Amino acid sequence: MTTDIVPRGQQSELPANLAKYLDDTTARQPSARALVDSDGSALSYEELSAAADRIAVFLYRKGIVAGDRVGLFMRKSAQTLAAIFGILRLGAAYVPTDVSSSGTRAATLFSDCDVQIIFTDPESARHLTQHAPQLEPRVVVIRPRHEEKNDTDESWQTLDMLHGEKHAYPRSPPDANRLAYILYTSGSSGAPKGVAISQRNAVSFVEWASAAFNVTAQDQVSSHAPLHFDLSIFDLYVSVKNGACIHLIDTDLAASPRHLATFLSTRAITVWYSAPAILGMLAEQHKGRSPAPNRLRLVLFAGEVFPIAKLRMLMQLWPKPAYYNLYGPTETNVCTAYRVPTPIPAQRVEPLPIGHPCDHCDTIVVDEHQRPVPDGQPGLLCVAGPSVVTGYWNAAEKTAQRFFQLDGQRWYNTGDIVRSSCEGYLFLGRLDRMIKRHGYRIELDEIESCLTAHPELTACAVVSSGSNGNTTITAFVVARDAPVCPTDLGRFCYNRLARYMVPDQFRYLPDLPRTSTGKIHYPLLERQCDAEPT
């Protein structure tokens, strides 16, 4: 089956909210499988809808109303998806956080957006309340399926989403401008930024992706991305809108290329979407031998540059699917797309383009003064359209730094330097010190801000190095007295940062190198990264 991007200007009238996708599909095919959990158990669309209703009733009885925020600190499961749709049916917004990172960081995010309730699972609840005991009154444990309540459990509120009578609750009326969810990304000021995504923003992307990739009820869609990562929006809502089956991938399997090929085969996966890193590792894992056969028809990747050599290796491993390089920050979701030629020309060594704008987006390339540059000249990529968010949660100053008006449209400045070409935009780098690793945006300044707070350090500078998708983060630190154990520094960062932001190595210096103007000499530190750690 061929998969071609639909032409610009053909996006239909948008439905008002994400919850309607589950309503419509449940009415159309109630007994069809909606999801298969990591343990192989499944829920039909009717069962998922009923579970979402029980979540909504619980929230309604707790006083949750449209516009409230509800936190998620739980492992990806059928319970998590039911919670999301239950939240949306009340018109509230969900705030997913990284359950693998520290409870302290999750508490910071939940405090920033004033969540009223936090859904979690027993193991994650213990982890969260150990680091943030002040959150315990808001914690609600959704019991795993097939698990009875244990009388020795901690005194959290508990909820069984699969059993109990149905009760009425007021469904929220459609409102395209209402907040749907908040995804937190790394912030250059030292604090994470909450990207506030409305129903209109999310639905615009889902409608485009559904049409562009022809997802149908026959598709088996992998859910590799964690729910706090914007790639999960495709996995969840494009699948539900079109009646496809979602196959949830837990944290352990998600990081195991050795087992993913078997998963793809046994689950008959047809659509895959992830950051390039895991695909590259999968290609390396099976180099020189045939993997298990699969039914893949579509491989999508986004979030970082896919090294050509590894992509070529993957396409030799899986020659049948159509491949797409998708581009877009959390503030826009996907805004440009490029279909990878099959095969990739042997002479090509430069990275793939990020492609042409999607039909639900407008793009321009501007200089530092927000003036459009001529075609073929490098500049900053800016995006407008219904998928572009209005700003950051509770951060008017950060919003003003990234959004601007031009020719009657509101634009988002991605901070990415690009150049137009016949193949679409070519990604040239970043204007600031943001990097991407495994698809995640990382502001090196946020890591520095964290380490600056350590009482035994007087200065620090963080740089990145590496190529071909292998990015290393190095923190150069100056100790007040005796050097701190690197393990202790790593633990200090882990308790305050997302797991993927913790530096790979710490190196001590008597002082940081400076330029003639007194600024930290980052290029010199980057060159030192090739030397042996001291």
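**Exercise 1. Determine which element gives the largest share of the lining of the second largest cavity, and describe that cavity.**

Step 1. Helix α4 (residues 103-112) provides the largest share of this lining, with 3 residues. The model under study is a predicted one.

Step 2. The second largest cavity holds about 120 Å³ of space.

Step 3. Its lining includes Arg105, Ala106 and Leu109, together with residues such as Pro96, Asp98, Tyr184, His228 and Tyr500.

Step 4. Sorted by class, the lining comprises 6 nonpolar, 4 polar and 2 charged residues.

**Exercise 2. Characterise the largest cavity by its volume, lining and contributing elements.**

Step 1. There are 6 cavities of 30 Å³ or more, and the largest contains about 210 Å³ of space.

Step 2. This cavity is lined by 23 residues; Phe229, Asp230, Thr330, Gly439 and Arg441 lie nearest its centre.

Step 3. Two or more lining residues come from each of β8 (179-185), β14 and β23 (440-443). Of the elements, β8 has the largest share, at 3 residues.

Step 4. The class division of the lining is 12 nonpolar, 8 polar and 3 charged.

**Exercise 3. Describe the largest pocket and the second largest pocket in turn.**

Step 1. About 1,200 Å³ of space lies in the largest pocket. Its lining has 45 residues, with Ser100, Pro226, Asp250, Thr251 and Ala254 nearest the centre.

Step 2. At least two lining residues of the largest pocket are supplied by each of α3 (78-89), α8 (251-254) and α10 (276-285). In class terms, the lining has 20 nonpolar, 13 polar and 12 charged residues.

Step 3. For the second largest pocket, the space is about 990 Å³. It is lined by 41 residues, and Glu304, Val305, Phe427, Lys436 and Thr471 are the closest to its centre.

Step 4. Strands that each supply at least two residues of this second lining include β13 (298-302), β20 (409-419) and β24. The classes there are 19 nonpolar, 12 polar and 10 charged.

**Exercise 4. Work out the strand order of the sheet that contains β24, and place the helices that lie across it.**

Step 1. The sheet is open, has 3 strands in the order β24-β25-β26, and shows mixed pairing. At its edges are β24 (457-465) and β26 (505-508), each of which pairs on one side only. On average, neighbouring strands are turned by 25° against each other, direction ignored.

Step 2. β24 pairs with β25 (residues 472-479) in the antiparallel sense over 8 bridges. Ser465 has Thr472 of β25 as its bridge partner.

Step 3. Helix α13 (residues 444-452) lies across β24, β25 and β26 and runs at about 155° to β24.

How values were computed. Residues numbered from 1 in each chain as written. Predicted model: local features only at pLDDT ≥ 70, side-chain atom pairs only at ≥ 80, totals over all residues. Heavy atoms only, no water. Pairing = 2+ DSSP bridges. Helix = DSSP H or I, 4+ residues; strand = E, 2+ residues; numbered from the N terminus. Axes fitted to C-alpha atoms, helices over the stretch in contact; angles between N-to-C directions. Contact = heavy atoms within 4.5 Å. 1 Å grid on protein atoms, 1.4 Å probe; cavity = no way out; pocket = protein on both sides within 12 Å on 5 of 7 lines; lining within 4 Å. Points joined across faces, edges and corners; volume = space filled by probe spheres on them. Nonpolar A, V, L, I, M, F, W, Y, C, P; charged D, E, K, R; others polar.
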